[in-house]
Amino acid sequence: TIIIPCLNEINFIDTCLTSVLNFELNSGSFEVIVVDGMSTDGTRNALAWWTMRYPKYMRVLDNPYQIVPTAMNIGIREARGRWIVRLDAHSMYPSDYLSLCLDTAMSSNADNVGGVVIPQRKDETRQASLIQALTTHSFGVGDAEFRLETTSAYVDTVPFGCYRRDVFEKIGLFDERLVRNQDYEFNRRLTSAGGRIWLNPDIRIYYYNEPTLGELFQQARYTGRWNPYMWVVAPYSFSPRHAIPGLFLLGLLKGILAIHLLPVLVLPYGMILLLYGILALISAAQQSYKYGKWMLPILPFLFLLYHLNYGYGILRGVIDVLLHRSPVQNGQEVWK
């Protein structure tokens, strides 16, 4: 069973479903469940056309709560398959995607398998090119294996995922308190319970990035804010790489205060900033060689802005938690 959470994806849903219905399987069959969050942009009409054309393969279910974890849980409860494959409506998939997921799951005996995300430009503008360069380098987005060209290995998470059905019977469904990061929390819950997650870089997901830098930075702030919320809900989900941008911003602010109180700290503080600048420039040079030399003088500043926005989100989330005003602290505990 392929489950696709969806909300106002009129610009991408046709591309996504075209690729999904071109999946090749060596044996067996699959069904597609699109769980739509009551879209208002024409997506519902598009889905009606797809279900009318492919009634044997596709169903559309309503998600009145409009968030991904509820969409997944609605789909899982209705799924008939021995495997549950979560896909993203904002993406396109090669024809061998599903067969590679299933073959990898059976050969690795893992509870969840997945591949790597290949960010795609939404259009041919320079802004879209900068976003692609920014989100495909480890200096920009961290060391998560699924974001980088890597080798097959056991990992702590994969994007979306192909799960054995009994995983949900053993450890529960997705945590509906988490508007963001629900996939990561679920995967860490899985590994904490002794499950295994396998990444196969031959499995590829072509994900369409945000169209503007403003939207990318807004998403960074929002995702960063939900990191501390996730840590409150599930302490086992903490990962140092998710905290680094917050520590970086906090260090910058504390450094500014420190050099006002102790001017002798100006030199070491400046050396740290210089090191960051050198790393940003080296990373920008590598990406400029790959995507366009014109972006070399711009990318170092964009790396900084991305890190600052993500860090701001984390610190804002920490403050919410400390003041007990995060949305996850006022709800009922779902999981034992």
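Predicted model: local features only at pLDDT ≥ 70, side-chain atom pairs only at ≥ 80, totals over all residues.
1. Set aside neighbours within four places in sequence, and Ser-239 is in contact with Tyr-184, Arg-188 and Trp-231. Contact here means heavy atoms within 4.5 Å. Ser-239 sits in the loop between helix H9 (213-233) and helix H10 (240-261). Its relative accessible area is 6%, so Ser-239 is buried.

2. Residues are numbered from 1 along each chain as its sequence is written, and side-chain values use heavy atoms, with hydrogens and water left out.

3. Now the whole chain. It has 12 helices and nine strands. These are DSSP runs, numbered from the N terminus: helices are H or I with at least four residues, strands are E with at least two. The C-alpha atoms fill a box of roughly 70 × 50 × 40 Å along the principal axes.

4. How much of the chain is buried? Buried residues make up 52% of the 336 residues. The chain exposes about 16,300 Å², and carbon and sulfur atoms supply 59% of that area. Accessible areas come from the Shrake-Rupley method with a 1.4 Å probe; for residues, only the protein chains shown count as cover. Take the contacts between residues at least 6 apart in sequence: 78% of them join residues at least 24 apart.

5. Val-20 touches Ile-2, Ile-4, Phe-30, Val-32, Leu-87 and Tyr-93, not counting residues up to four places away in sequence.

6. Look closely at H4. Its 12 residues reach 16 Å from first C-alpha to last, close to the 16 Å expected at 1.5 Å a residue. The expected span is 1.5 Å times one less than the number of residues. Nine of the 12 residues are buried, so H4 is largely enclosed by the rest of the structure. Tyr-97, Leu-98, Cys-101 and Ala-105 are among the buried ones. The buried residues of H4 pack against elements including S1, strand S6 (112-120) and strand S8 (162-164). Asn-109 follows H4, and its phi is positive, near 60 degrees.

7. Two other residues have positive phi. Phe-160 has a phi of about 65 degrees although it is not a glycine. Phe-160 lies in the loop between S7 and S8, and counts as buried at 11% relative accessibility. Asn-181 also has a positive phi of about 65 degrees and is not a glycine. Asn-181 lies in the loop between helix H7 (166-171) and H8. It counts as buried at 17% relative accessibility.

8. Which residues does Phe-186 contact, leaving aside neighbours within four places in sequence? They are Tyr-163, Val-167, Phe-168, Ile-171, Gly-172, Leu-173 and Phe-174. Phe-186 is in helix H8 (residues 182-192). Its relative accessible area is 0%, so Phe-186 is buried.

9. Asn-26 is exposed, at 67% relative accessibility. Asn-26 is in the loop between H1 and S2. Its C-alpha is 31 Å from that of Ile-10, and the two are 16 residues apart along the chain.

10. Last, the cysteines. The structure holds zero disulfides. A disulfide is a pair of cysteine sulfur atoms within 2.5 Å. For Cys-16, the nearest cysteine sulfur is that of Cys-6, 8.2 Å away. For Cys-162, the nearest is that of Cys-101, 5.0 Å away. Cys-16 is buried at 0% relative accessible area, and Cys-162 is buried at 1%.

Conventions
Buried < 20%, exposed > 50% of the residue type's maximum accessible area, 1.4 Å probe, protein only.
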